[in-house]
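This report describes one protein chain for a reader who has the sequence and the model at hand. Look at the structure first, then read on.

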Amino acid sequence: MRDSDRRSPRRDPVLLGMGAFTVAVVLWFLAGPGDGRSSWLIQTGLDVSLVWFARRLAALCAAGSPARRFWRTMAFTAVCCAAGDGYQSFLVVRHPGMTQVSVVQTGLVVLGMSTMVVTMLRHPLGAAGRQRLRLWLDAATVLAGVAVFLWYFAVGAHLGADRAVDRLAGAANSAVMLVIVFGVLKLILSDTAPFTMAAGVAGSIGTAGTAVGSSVANVLTGEPNPALMSVAQLLPCILVVFSLRLQELHNRRGRGDRPAAPRGRFSRMPYVAVLATQILLVAALVEVRPGARIWGVTAGVVVITVLVLTRQLVAFHDNDRLLTDLDRSMLELRSQKEWFSSLVQHASDVTLVVDAGDAVTYASPAAVRILGIDPAQALGAVLRQRVHPDDVDTFDALAARLEAFPAGDASAAASAQVRLRHTDGTYRWLDVVGADLRDHPSVRGVVYNARDITEARALQDKLLHQATHDALTGLANRALLGERLQQRAAGGQTSVLVIDLDGFKEINDGHGHHAGDHVLTTVASRLTALLHPGDVAARLGGDEFAVLPADPRPARVDALAEQIVAGLSAPIGLDGGALRIGASVGVATGPADDPDRLLRDADAAMYRTKQHRKAAATV
């Protein structure tokens, strides 16, 4: 942006030049040789300036926009005025004594102004319904006030003219100016004006002044004064040019086609118009010199009008403040909603809301990432049907705990870890925290916040398996076997089989540790194959194993011991050869509340069996 575009209006050389030009015009006519010819020539120059500024403003607006159409029409209107005033200038230069305005000048001005009127009336208002009605009423009120002034100062004066042509020309000019002022006021009061409030007010005052300037001068002086009339006629035209330059500075500062400041919720212009007409009424009565009765009524009307307008303005001001506070609250609420939506959109946890029938009524965007289901598709789905069959009881217990909380206690929450089915058929472990908000009017459901812990659960299961199972064989270790015995403590009697491998040390020393490991894994596989559901096989260490049968009856235990001995005595293949081992089995039966004692008894029974087998082999 150039420095000239950022310049303040008070430092703009064009506006400063207009100010100097205005002073020169006043001095030229009031204290110099100014006459009718110079007045029309200056008027024509001002019309050409309007063409120049209107075209520049149109170039600053977006193509096809209503603002650009407005300024192009303004340029056409200025061309018509320049042509009409130029023709009138030619006539007065050629005939110095001529005072009548030509029909050609009036026709061209009325043509240009009528085109401007049509464009302004067609300009979009940016309002609808009752707001549009209020805008039209405000504009009509101001227009009525302007019409009163035009009638008093302009039309009434023209009606007293001698020539019918002058009367018609004056009335037509005043009527067109009246409609133009109405169009400008309509745009000023709307939210779509192609000009700022300052430029619009200056332009409307200048436009109205072209119609009433001369008449006002006559009223103020009490007698016709050609020099003063010329000044009163030219100053409003200079003000119109001033308003266009002011708008150009605004647009060149990069604020676009519209004013930067928002319009107020109500306009004070209609009230100013009412007060102005009241003042004009008093001024008109002074001229006719009414009696005391008329003055009393007039004073009462003026006082009542002022009081009503004051009350109305106070009420409007209070309403405006309340609406401003409401807008601010709505803006804060919208901001909080956007903030919350952003958090939910990017949250790693999924939030589900279910109704009394366990049907999903809301699913956060994280449902796609965690469960592979679109939130919209999740609506209406029954959450319980996606729970892993083994976790249904856990999920039902969670729901029961939530129902047990006091109604309306939003802080009460319960949690559980369950698996939910992904759309790919797998199950994801979720840490679910639930809160019963069915009594909350904005929720009316149970809220579940779930975090995906599948990887953490897998790591936890892996570490737990490593802590409770033998790394080589995959069987339970001594610690897990002790836990299983503790779990059966309330069940009364239980049995434990302890197995020791015969000949394993010779294989391990003679063939190497890899052969020993192969024997151990083979033994583990054969033991596992002999187990019934609920049985537990464990490696106690070295070449010792144990089996905890689910059925502790002696017949089942003895049969299992014989199967183990037979199964482990079968040859074990290694590198094309066969290895043979034996097995000594000891059985102990008793209460499970002392696992260590039960294992010691079984171990002692196993050693007795081993010694018996050795003694039998030496006989």
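Is Cys81 buried or exposed? Cys81 is buried, with a relative accessible area of 9%. The model is a predicted one, and the values in this report are computed from it.

**Cysteines**

How many disulfides does a search of the whole structure find? The search finds zero. A disulfide is a covalent bond between the sulfur atoms of two cysteines. For Cys81, the closest cysteine sulfur belongs to Cys80 and lies 6.9 Å away, which is too far for a bond. The cut-off used here is 2.5 Å between the two sulfur atoms. Cys61 is another buried cysteine, with a relative accessible area of 6%.

**The chain as a whole**

The chain has 619 residues, and buried residues make up 41% of them. Its secondary structure consists of 19 helices and eleven strands. Contacts can also be sorted by distance along the sequence. Of the contacts with a separation of 6 or more, 64% are between residues 24 or more positions apart. The chain exposes about 33200 Å², and 60% of this area is supplied by carbon and sulfur atoms.

**Salt bridges**

The count for the structure comes to 18 salt bridges. The table lists three of them.

| Salt bridge | Closest N to O distance |
|---|---|
| Lys610 and Asp502 | 2.2 Å |
| Asp551 and Arg553 | 2.7 Å |

Where do Glu248 and Arg245 lie? Both are in helix 8 (residues 226–255), three residues apart, or about one turn of the helix. An α-helix has 3.6 residues a turn, so residues three or four places apart point the same way. Glu248 is buried, with a relative accessible area of 0%. Arg245 also counts as buried, at 8% relative accessibility.

Lys610 and Asp502 form a salt bridge with their closest N and O atoms 2.2 Å apart. Lys610 is in helix 19 (residues 595–618) and Asp502 is in strand 6 (residues 493–502), so this pair ties together parts that are 108 residues apart in sequence. Lys610 and Asp502 are both buried.

Arg553 is exposed, with a relative accessible area of 57%.

Ser89 lies in helix 3 (residues 66–94). This serine is buried, with a relative accessible area of 4%. Which residues is Ser89 in contact with, leaving aside its neighbours within four places in sequence? They are Trp40, Leu41 and Thr44. With Trp40 there is a specific atom pair to look for: a polar atom of the Ser89 side chain lies 3.0 Å from the backbone oxygen of Trp40.

Gln43 is part of helix 2 (residues 36–60). At 10% relative accessibility, Gln43 counts as buried. When residues up to four places away in sequence are not counted, Gln43 touches Asp85, Gln233, Leu234 and Cys237.

**Helix 15**

Helix 15 runs over residues 478–487, and its buried residues include Leu480, Leu481, Gly482 and Leu485. What caps the N-terminal end of helix 15? Asn477 does: one of its side-chain oxygens lies 3.2 Å from the backbone nitrogen of Ala479.

**A nonpolar patch on the surface**

Which residues form a nonpolar patch on the surface? Leu323, Leu326, Met330 and Leu333 do, and together they have about 360 Å² of accessible area. Met330 is found in helix 10 (residues 292–346). Met330 is partly exposed, with a relative accessible area of 40%. A residue needs over 30% relative accessible area to be part of a patch, so Met330, at 40%, passes that cut-off.

Terms used. Residues are numbered from 1 along each chain as its sequence is written. This is a predicted model: local features need pLDDT of at least 70, side-chain atom pairs count only at pLDDT 80 or more; totals for chains, interfaces and linings use all residues. Side-chain values use heavy atoms; hydrogens and water are left out. Buried means under 20% relative accessible area, exposed over 50%, partly exposed in between (1.4 Å probe, protein chains only). Patches are made of residues with over 30% relative accessible area and no salt bridge: like charges are joined within 9 Å, nonpolar side chains (Val, Leu, Ile, Met, Phe, Trp, Tyr) within 5 Å. Accessible areas come from the Shrake-Rupley method with a 1.4 Å probe; for residues, only the protein chains shown count as cover. A salt bridge is a side-chain nitrogen of Lys or Arg within 4 Å of a carboxyl oxygen of Asp or Glu. Helices (H or I, at least four residues) and strands (E, at least two) are DSSP runs, numbered from the N terminus. A polar contact is a pair of N or O atoms within 3.5 Å; within protein, one must be able to donate a hydrogen and the other to accept it, and residues adjacent in sequence count only if both atoms are side-chain atoms. Contact means heavy atoms within 4.5 Å.
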